[in-house]
Structures are given as C-alpha cells and as structure tokens.
Amino acid sequence: MQNKGFTLIEILVVIVILGLLATFLVPRIISKPDEARVVKAKSDIKALETALKMYRLDTGRYPTTDQGLQALIEKPEISPVPNNWNGPYLDSEELPKDPWGNEYVYRSPGEYIENTRRQRDYEIICLGADSKIGGEGFDADIKNYEIK
C-alpha cells in the first residue's frame, strides 16, 4: 500500500520556498498602492487644470487664491466676481480630495518661475503622503507644473 501524504521534509521545503517568494514579492506589492495614489493625484491635477482653462475661457481670468478651486463648482462671491461664469466646471458637486484625503493647494497667481521675471498663472499642489510641504519619495509634493 502506498502512502499518499507529504513528508515533513517536503512540507518544510515548500514553506522555505514560500518564505523566499514573500521576501522578494511583498515589498513590490506593498509599494503599488502608493504608486497608484501618485498616478491618481496627477490625474486629478490634470482634470483640475482642464476645468481651470474652461473657467478662464468663460471669465477671462483664473480664480484668485481667495476664490480657490471652489470657483469651479459655484460662482465666486469674492471680488473679482466673474460676469460670464458658466459653471460648474467639474462633474462633481464637491472638490476632489487628494488620494491621501487632503485638499489640493491652489494659488493664483503662482510663484515666480526661476531665472525669469514671470509668475505662473496658477499652481495646484498635492502635498503627498505626509501632507507637508516638501518631502521625498511618496512624501514629495506633486505640482502641476512639474507633471509631464
């Protein structure tokens, strides 16, 4: 009669192989959600840029920092109040939050461009995983003018 079970050595070999696979695969799998969040933030920023361009086409200017991105959803009541506001310019009734649950930073006009005397028309910034200015890796800021 033949034994149809596994020996202790066979089971141990399988456990060692699974352990080695986990050692190499788990770090790659764990970093994927953060990579997906960065891609989502870039996609959101591009959508906000498109909405801002439509807003500018209608009103002749970008919303001010004080008016904020909320101007894409409802007509601003803060000066300068646009005459030709034809929004909402976003499909949702609420502004998107970044993938880490924070609001996007919006400034208009933006900072001065290095080595020029020009200011950016606007800036949209996601503060990254740490929700703080600066940072490296997944904590780094994602800025509309740095997205290619």
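A residue counts as buried when its relative accessible area is under 20%. Keep that cut-off handy for the exercises below, and remember that this is a predicted model.

**Exercise 1. Decide whether Tyr-89 is buried or exposed.**

Solution. Start with the value: Tyr-89 has 14% relative accessibility, so it counts as buried. Now try Trp-85: with 18% relative accessibility, this residue counts as buried too. Tyr-55 goes on the buried list along with Tyr-89.

**Exercise 2. Work out which residues the ring pairs link into a cluster.**

Solution. The structure has 3 aromatic pairs. Take Tyr-55 and Tyr-89: their ring centres are 5.6 Å apart and the planes make an angle of 65°, which is edge-to-face. That pair brings together distant parts of the chain, as Tyr-55 sits in helix H1 (residues 8-59) and Tyr-89 in the loop between H1 and strand S1 (105-107), 34 residues apart. Next, look at Trp-85 and Tyr-89, another edge-to-face pair, at 5.7 Å centre to centre and 85° between the planes.

**Exercise 3. Find the element that gives the largest share of the largest nonpolar core.**

Solution. First, the size: this core holds 22 residues. Leu-52, Leu-72, Tyr-104 and Ile-124 have the most contacts inside it. Then check the elements: H1 and strand S2 (123-126) are the ones giving two or more residues.

**Exercise 4. Say which ring the charged end of Arg-120 sits over.**

Solution. Follow the Arg-120 side chain to its charged end, and you'll find the ring of Tyr-145, with its centre 3.5 Å away.

Key: Residues numbered from 1 in each chain as written. Predicted model: local features only at pLDDT ≥ 70, side-chain atom pairs only at ≥ 80, totals over all residues. Heavy atoms only, no water. Phe/Tyr/Trp six-rings, centres within 6.5 Å; stacked < 30°, edge-to-face > 60°. Helix = DSSP H or I, 4+ residues; strand = E, 2+ residues; numbered from the N terminus. Buried < 20%, exposed > 50% of the residue type's maximum accessible area, 1.4 Å probe, protein only. Lys NZ or Arg CZ within 6 Å of the ring centre and 35° of its normal. Core = buried A, V, L, I, M, F, W, Y, C linked by side-chain atoms within 4.5 Å.
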